[in-house]
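Biologist: I would like to learn how to read a model like this one. Could we go through it together?

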Amino acid sequence: MPPAALITGYLALTVLPLVLAVAFAERLPGPLRAGGIALGLIGFAMLLLQFVSSGRFEALSSKIGINHTMRFHQLAARMLLLFLIVHPLLFFVPERIDDVPGAARMLVRMLFSDYMLSGTISLALLLFMVAGGIWRHRTPVKYEIWRATHVVAAAVVAVAGAHHVFQVGNYSQVIWLRSFWWILLAVALGALGYSYFVKPWLLARRAYRVFAVRELGERIWEVVLEPQETSGQGAGIKFAAGQFAWVNFRAGALPLFDNPFSISSAPGELPRIRLLIKARGDTSGRVGELKPGHKAYLDAPHGNFTLEGRSADALYLIAGGIGIAPIMSILRDLAYKGDKRPVSVLFGARNSRQLVYADELERLTAVLNLKLQFSVDEPGPDWAGDVGELDAALIERALPLAAERCLCLVCGPPPMMLAVEQHPRVLGVPPGNIVYERFEYD
Ligand SMILES: Cc1cc2nc3c(=O)[nH]c(=O)nc-3n(C[C@H](O)[C@H](O)[C@H](O)COP(=O)(O)OP(=O)(O)OC[C@H]3O[C@@H](n4cnc5c(N)ncnc54)[C@H](O)[C@@H]3O)c2cc1C
């Protein structure tokens with residue numbers, strides 16, 4: 001489904017409850033109360049749709065990319081929270097605008113009445129979830145704990161919210177609207193159940209095992225995986241060069257413990273798959289200890305950092321540090337396919353020990369029409385290449401052809417992405433021809 005159709009479908013589904021309420025209502029309330037009801041209806045529809053934009057559904061992430069999917073999920077969460085906070089306020093605060101303490105007392109009484117309790121629980125938990133998502137990095141809470149809490153809280157928010165809608169919402173007594181909420185609630189909980197119960201079961205049936213692990217650079221490991229079964233269901237996944245997998249190295253395939261890693265091998269190397277992993281934390285920090293035969297579960301393919309469906313006369317690939325992983329996949333695939341278009345790779349890293357695959361890149365120049373440009377922040381005494389950040393001058397020098405004829409793919413850590421983001425635009429690469437993959441969501 002193209003992105004425009006996804007956006008239209010999303011808008012239609014969020015407005016549909018309002019349309020149904022207006023179409024079948026016996027009488028309409030005054031404008032402020034109507035505004036409160038509208039925000040409640042739209043906000044709750046957005047809330048249930050959040051379960052689908054969780055980044056777990058390839059049909060979404062492969063169309064608009066994982067970065068856009070997650071950014072959408074975060075922004076929609078903030079917007080729907082605002083709608084649902086204003087929703088009860090519009091019912092009576094404007095009428096009591098000159099009596100703020102009275103309005104506050106009434107609000108508290110209302111929120112804690114038995115009648116409203118499910119709505120209040122749902123709203124309070126939602127506030128906790130959104131705040132937790134925004135400030136997660138500033139707390140010592142482990143990622144897995146945050147994620148488990150997020151999932152359980154999401155289910156409670158949806159069920160308590162639905163209880164509130166059915167119990168309190170006058171318009172939700174209309175059969176069409178009632179049916180709409182039941183269907184959307186089933187979709188939301190179904191999406192959660194699929195991700196956390198059905199999917200792990202499916203992944204366990206086509207498990208992978210570690211074939212080899214080798215250290216390629218400073219705290220950077222290449223992990224080679226192969227399917228446990230070489231035929232039938234276990235024969236492995238299909239992917240387009242540049243896509244990523246949710247990888248779980250722990251016992252059982254419970255997705256609380258999976259991490260996103262780009263596939264660095266080409267589809268031509270299937271059924272084996274290579275990952276390039278930089279030791280950063282709990283999981284990635286232990287990758288070097290993995291032994292051959294260790295089980296791994298791969299939920300893939302995800303993401304749209306690929307050349308699929310994109311055409312250009314030349315390719316401009318910009319990688320920062322570990323961002324070289326999906327770019328290697330693309331280059332290896334181009335070599336497999338004998339692509340003769342001009343390709344330029346600009347690869348920046350902290351030091352030359354982190355310029356992994358530099359030798360293979362040099363070798364690829366014999367097969368591809370490839371221009372290489374390396375830069376490091378901390379040059380050693382033997383370093384003869386560029387030094388420093390990927391700035392405008394360096395980016396311009398590495399351009400393979402006139403900017404407007406290039407497709408530019410950029411992948412790296414957040415600070416590098418921010419620095420690079422402006423330059424291809426300045427150089428004239430059309431914004432639609434620049435694809436970004438961020439290795440962090442916020
Ligand atoms: C699309 C995508 C592709 C990526 N490809 C690669 C790659 O090819 N090679 C590579 O080394 N790294 C890659 N990363 C980054 C990698 O996912 C994180 O470094 C890794 O998840 C850190 O987990 P940890 O348990 O080692 O660290 P932790 O100490 O648990 O966390 C370190 C940071 O990583 C983030 N993180 C942890 N777990 C997850 C998770 N499950 N999902 C999202 N973020 C998480 C947390 O926000 C935390 O701030 C990619 C990230 C994304 C989003």
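Predicted model: local features only at pLDDT ≥ 70, side-chain atom pairs only at ≥ 80, totals over all residues.

Biologist: How do the residues of the shell around the ligand divide into nonpolar, polar and charged?

Modeller: Residues are numbered from 1 along each chain as its sequence is written. As for classes, Ala, Val, Leu, Ile, Met, Phe, Trp, Tyr, Cys and Pro count as nonpolar, Asp, Glu, Lys and Arg as charged, and the others, Gly among them, as polar. Here the shell around the ligand has ten nonpolar, eight polar and five charged residues.

Biologist: Which residues come nearest to the ligand?

Modeller: A residue is near a molecule or strand if its C-beta atom, placed from the backbone, lies within 6 Å of it. Of the 23 residues around the ligand, the nearest are Asn259, Gly281, Thr283, Ser284 and Ala325. Helices (H or I, at least four residues) and strands (E, at least two) are DSSP runs, numbered from the N terminus.

Biologist: At what angle do α1 and α8 pack?

Modeller: Axes are lines fitted to C-alpha atoms, for helices over the stretch in contact, and angles run from 0 to 180 degrees between N-to-C directions. Helix α1 (residues 3-24) packs against helix α8 (residues 175-205) at about 165 degrees, with the axes 9 Å apart. Therefore α1 and α8 are roughly antiparallel to each other (angles under 35 degrees count as roughly parallel, over 145 as roughly antiparallel, 65 to 115 as roughly perpendicular and the rest as oblique).

Biologist: Which residues make that contact of α1 and α8?

Modeller: Two residues are in contact if their C-beta atoms, placed from the backbone, lie within 7 Å. From α1 come Leu16, Pro17, Leu20, Ala21 and Phe24, and from α8 come Trp176, Leu177 and Phe180. By class, the contact of α1 with α8 has eight nonpolar, no polar and no charged residues.

Biologist: And how far apart do the C-alpha centres of domain 1 and domain 2 lie?

Modeller: Domain bounds come from an automatic or database domain assignment, which gives domain 1 (3-202), domain 2 (207-302) and domain 3 (314-438). The C-alpha centres of domain 1 and domain 2 are 35 Å apart. Their contact takes eleven residues from domain 1 and nine from domain 2. On the side of domain 1 that touches domain 2, α8 supplies the largest share, four residues.
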